[in-house]
Amino acid sequence: MAGRMKKCPACSAYGLTDPCRVCGKKTASPHPARFSPEDHYGTYRRRLKRLAQLERREGS
Ligand SMILES: [Zn+2]
């Protein structure tokens with residue numbers, strides 16, 4: 001499973017490592033919603049779907 005994408009504030013390089021693999025400075029997550037909106041909606045949708053399945057199972 002891939003880790004969360006990081007962005008280095010010092011050299012603007014994107015990567016998965018902390019510290020930055022380019023310059024060795026501490027990295028931070030870029031703006032989350034802006035970076036991968038599809039992934040966030042996907043997670044939310046899957047959670048809702050699972051919740052609906054559980055409710056249906058309990059209801060019958
Ligand atoms: Zn860097």
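S12 sits in the loop between β1 (6-7) and β2, where strands (E, at least two residues) and helices (H or I, at least four) are DSSP runs numbered from the N terminus. Its phi is near 65 degrees, a positive value in a residue that isn't glycine.

A word on the model itself. It is predicted, so local features are taken only at pLDDT of at least 70 and side-chain atom pairs only at pLDDT 80 or more, while totals for chains, interfaces and linings use all residues. Numbering runs from 1 along each chain as its sequence is written.

Zooming out, the chain has two helices and two strands, laid out along the sequence as β-β-α-α. Of its 60 residues, 7% count as buried. Residues 24 or more positions apart supply 8% of the contacts with a separation of 6 or more, a contact being a pair of C-beta atoms, placed from the backbone, within 7 Å.

The loop between β2 (14-15) and α1 (32-35) holds P19, and a cis peptide bond joins D18 to P19, with omega at about 10 degrees. G24 also has its place in the loop between β2 and α1. This glycine, G24, is exposed, with 12 other C-beta atoms within 10 Å. From C-alpha to C-alpha, G24 and A10 are 9.3 Å apart in space, and 14 residues separate them in sequence.

As for confidence, pLDDT is the predictor's own per-residue figure, from 0 to 100. The chain averages 81, and 75% of its residues reach 70 or more. Among the elements, β2 has the highest mean pLDDT (89) and α1 the lowest (56).

Definitions and conventions
Buried ≥ 20, exposed ≤ 12 C-beta atoms within 10 Å, placed from the backbone. Contact = placed C-beta atoms within 7 Å.
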